[in-house]
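Hi everyone, thanks for making time this morning.

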Amino acid sequence: MKFNTKTIHGNQKPDKAYGSVMPPIYQTTTYAQTSPGGHKGYQYSRSANPTRTALEDALASIENGTHAIAFGSGLAAIDAVLKLLKSGDEVISTNDLYGGTYRLFSKIFEGFGIKFHYVGMESTANISSYINENTKLIWVETPTNPTMKIIDIKAMAAVAKTHNLLLAVDNTFATPYLQQPLDLGADIVMHSATKYLGGHSDVVMGALVVKAKSLADRLYFIQNASGAICGPHDSFLVLRGIKTLHIRMQRHCENGKVVAEYLKRHPKIENVYWPGLEDHPNHAIAKAQMKDFGGMVSFTTKGNNYEEAIKIVEKLRIFTLAESLGGVESLAGHPASMTHASIPKEAREKTGVVDSLIRLSVGIEDVDDLIADLKQAIG
Ligand SMILES: Cc1ncc(COP(=O)(O)O)c(C=O)c1O
């Protein structure tokens, strides 16, 4: 089955009760038993819920995995991966990372004795010197947030395999429409389903997808034992979102290209970060591992002026100034004061998150209106 069919049919069957094409929202905590243990596969909705199962099955299908495990947020999904580790273990992570992931690693898991190395992953040579007998996990985000660096997943998978490490890839920005990390050798794919999978800015959710039952079992155990599950209504919404993922992503990519090329020509703009640009430093890897280049575009203005960047985002009318990304509507953000404010200034500037950086989540509106909006705001 091809991807554009999988989003609609992959692991999805009419509901057993009445044949409803969409699964009902099983808004229930518990399930009647005929005698102790006599149930139909469901006992308590923290452990499993049929609407969540329907979503998890669909997620496994679109990521070419065997099992998916859904959580109450992307961060709850990342938290579950880190709970595979124990005190004394070490993690090698992308240095240009979503601020909340960095906060979870540095403010919570470091306190439990896990050591993190934040490394520029443009080359595998950069990570080799950090590998020792305590290393257990490589954490990759690609494209990175917000400077859109591209990390070679296949190359990272080769390193992980050689040293018997787990490789987890945050696939939030790309989605399986653009890249399928499990096929490239990753062990775990992570999503903030809040973004493109949900696609309509109306649900917060996270997910993990794996291709090994032993790993799925450990993660199911953590999902149930820690309890950071998503509810049935949210599961229904994300399942609905997935059904249009391919057509939304196609338009996000088309509009992203027009916006990136417009900004590239603009005399006031210093840098444009979009992996589809031929002069993007990782364009060749992006071309090899992604089907297209996505709708996330970041840019800086000449002079790197904080106040000017704030004025631009305040003037935008169709782009809404807001956290988050991946919905049908275009959003703009100022990472230094918003999503990445939890990363110390010196550390964030090293990865390109400078004062004038603006991040756009290019939506699926008419692109002429988006360009007109940018024109009036940037001047
Ligand atoms: C790349 C990336 N990973 C993880 C997260 C965290 O997901 P959530 O907000 O659903 O907890 C985000 C949120 O913005 C993100 O952009």
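Predicted model: local features only at pLDDT ≥ 70, side-chain atom pairs only at ≥ 80, totals over all residues.

Helix α2 and helix α9, which covers residues 232-242, pack with their axes 8 Å apart and at an angle of about 30°. Therefore α2 and α9 are roughly parallel to each other. The crossing of α2 with α9 is left-handed. Who makes the contact? On the α2 side you'll find T51, R52, A54, L55, A58, L59 and I62, and on the α9 side P232, S235, F236, V238, L239 and I242. Sorted by class, the residues of this contact are 10 nonpolar, two polar and one charged.

On to a second pair. Helix α10, residues 245-265, and helix α14, residues 367-378, cross at roughly 30°, and their axes come within 10 Å. So α10 and α14 are roughly parallel to each other too. Here the crossing is right-handed. From α10, the residues N255, V258, V259, Y262 and L263 meet V367, L370, I371, L374, K375 and I378 of α14. The class count for this contact of α10 with α14 is nine nonpolar, one polar and one charged.

The crossing of α3 and α4 is right-handed. L75, I78, D79 and L82 of α3 make the contact with G100, T101, R103, L104, F105 and F109 of α4. In this contact of α3 with α4 there are six nonpolar, two polar and two charged residues.

Let's turn to the aromatics. How many aromatic pairs does a search of the whole structure find? The search finds eight. One of them is Y31 with Y42: the ring centres are 5.7 Å apart and the planes lie at 40°, so this pair is tilted. Y31 and Y42 both sit in the loop between α1 and α2, 11 residues apart, and the pair links distant parts of the chain. Y31 and Y42 are both buried.

Compare that with F116 and Y118, an aromatic pair that is stacked, with 6.3 Å from centre to centre and 15° between the planes. Is F116 buried or exposed? Its relative accessibility is 8%, so F116 counts as buried. Y118 has 25% relative accessibility and therefore counts as partly exposed. F116 and Y118 also belong to a cluster linked by ring pairs, together with Y102, F105 and W139.

One last stop: W274, in the loop between β8 (269-273) and α11 (283-289). With 2% relative accessibility, W274 counts as buried. What does W274 touch, leaving out residues up to four places away in sequence? The answer is C253, G256, K257, A260, H280, F293, G294, M296 and V297. By contrast, N304 is 30 residues away from W274 in sequence and 19 Å away in space, C-alpha to C-alpha.

That's my tour; I'm happy to take questions.

Conventions:
Residues numbered from 1 in each chain as written. Heavy atoms only, no water. Left-handed = near helix turned anticlockwise from the far one by under 90°. Helix = DSSP H or I, 4+ residues; strand = E, 2+ residues; numbered from the N terminus. Contact = heavy atoms within 4.5 Å. Nonpolar A, V, L, I, M, F, W, Y, C, P; charged D, E, K, R; others polar. Phe/Tyr/Trp six-rings, centres within 6.5 Å; stacked < 30°, edge-to-face > 60°. Buried < 20%, exposed > 50% of the residue type's maximum accessible area, 1.4 Å probe, protein only. Axes fitted to C-alpha atoms, helices over the stretch in contact; angles between N-to-C directions. Parallel < 35°, antiparallel > 145°, perpendicular 65-115°, else oblique.
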